[in-house]
Amino acid sequence: MELEAAEFEVNFTRKFIVKASNPLVKPHILTLSNLDLLSGRFPVTYFYFYPSKPHANFNITESLKSSLAKTLNSYYPFAGKIVLNPSTNEPEIMCDNSGALVLEAQANIPLNTLNFYDLNQSLRGNKLVSIYPDIPLQIQVTYYTCGGVSITFTFDHALGDASSFGKFLLSWSEMARNKSMSCVPDHQRSLRISARNPPRYHSSLDQSFVKCTMEEIMNIPTAKTLVKRLYFIENSSINQLQSQACRNGKKRTKIEAVSAYVWKTMVQANIGTSTNKSHNAVCKMGWLVDGRSRLHKRDYDPNTNMSNYIGNVLSLAFGEASVNDLKKGSISDVANMVREAISKIVLGQGGGVPALVLSSGRMFPVAELDFGFGSPVLGTVCSTIEKIGVAYMNQRPSATGDGSWTMSCILWPELAAALESDSIFQPMTADRLQLQS
């Protein structure tokens, strides 16, 4: 499906370095955990879009800068820089208040002419997001001719994971509205997540991980060029899939139900299949899992609550099933496979290379990100990396708060076409966001 949208230009008008206004700590090195190192270093970008507001005299850029400086007092690693340890050659965070980068830009189109569906077109030429590898936190504020605004937040993955970035953004929006921060960030990486002493290794690690450089990751061979798409899923469709997944008295989550639907669609479109050692046609799917609650349950210690931990606590669960079972199985059958795969996750341990990875951002703030000029109509994530080696889906609650979702996807063209042939994955449009010219 192709939706017409305007070609546009962006003129960068101002650039700022914003530092913590009152740093709470002296300059020091923050050593990364093993889970930080496993997550790697690459940019993670979140896109938020705000409609035009009546109070035109409100200076959005200056307000964002002021509240960011206050937020960085507590989230001081985000104002640092990432350096290599001369002894280990591994990255670490120099907490020296070097500052975050804020860019201001002006687009020559109204917001409602932006292509919200075809992210390949919207992201072309780095117009809405600029990547400066030496600065871990970057923000771009882009103004549109209609008075609307988009804000892109780009983080180096070494700073943390989605949970960390969500808490930072929510804290920032609270500071912008002169409210107390609801999260007291926990930066104790060396205490919360430390390597076993003495080290212990499992033989499965040799099959789960391989050493590679960022250049090798960027040049992973792919059979076909993947496309970047943004979809909307109505609450009624999600509930319908969950109802199908919960047959026979088994309770299944919404993300398990939608995962089952996507997995079945993959094999029906003959996408992402391979052969195993028995020469049977199989298909793998993966899920990113936040390990904070699992580590807390493991320790049985109320003082180890990691809900406010800032850092990476992600692992990849994966499931493998025969193509025949996926095709013939019901949504309920496949949802059972999803539940089993996710329940077996081991923190820090992978399990081969899935064809598609799905990440749930159901707790990530969207409508809550009001920086003093109203709530966004859309908040999502999209990778600016050209090649990531696998297909990817990222779920977010829609800004409407009615239980519907947005899905940011990097897919094979055939899978995108298969999903769009049904009514569940609907292309995101300006009309859907109720944007006016």
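At what angle do the axes of helix 2 and helix 4 cross? Good morning, colleagues. The axes of helix 2 (residues 60–74) and helix 4 (residues 162–176) cross at roughly 120 degrees and come within 9 Å. Axes here are lines fitted to C-alpha atoms, for helices over the stretch in contact, and angles run from 0 to 180 degrees between N-to-C directions. Helix 2 is therefore oblique to helix 4; angles under 35 degrees count as roughly parallel, over 145 as roughly antiparallel, 65 to 115 as roughly perpendicular, and the rest as oblique.

A word on the source. This is a predicted model, in which local features need pLDDT of at least 70 and side-chain atom pairs count only at pLDDT 80 or more, while totals for chains, interfaces and linings use all residues. Residues are numbered from 1 along each chain as its sequence is written, and side-chain values use heavy atoms, with hydrogens and water left out.

The protein chain has 13 helices and 17 strands. Helices (H or I, at least four residues) and strands (E, at least two) are DSSP runs, numbered from the N terminus. Of the 437 residues in the chain, 52% are buried, where buried means under 20% relative accessible area, exposed over 50%, and partly exposed in between, with a 1.4 Å probe and protein chains only.

I return to the two helices. Leu64, Ser67, Leu68, Lys70, Thr71 and Leu72 of helix 2 meet Phe168, Ser171, Trp172, Met175 and Ala176 of helix 4, contact meaning heavy atoms within 4.5 Å.

An open sheet of mixed pairing is formed by 6 strands in the order 1-6-7-8-3-14; two strands pair if DSSP finds at least two bridges between them. Its edge strands, each pairing on one side only, are strand 1 (10–18) and strand 14 (378–381). From one strand to the next, the twist averages 15 degrees.

Both helices touch this sheet. Helix 2 packs against strand 1, strand 6 (100–107), strand 7 and strand 8, and its direction makes about 30 degrees with that of strand 1. Helix 4 lies across strand 3 (43–50), strand 7 and strand 8, at about 135 degrees to strand 8. Strand 7 (residues 137–143) and strand 8 (residues 149–156) run antiparallel and are joined by 7 bridges. Gln140 has Thr152 in strand 8 as its bridge partner.

Finally, consider Thr225, in the loop between helix 7 (214–218) and strand 9 (227–233). Thr225 counts as exposed because its relative accessibility is 65%. Thr225 and Leu411 are 186 residues apart in sequence, with 8.6 Å between their C-alpha atoms.
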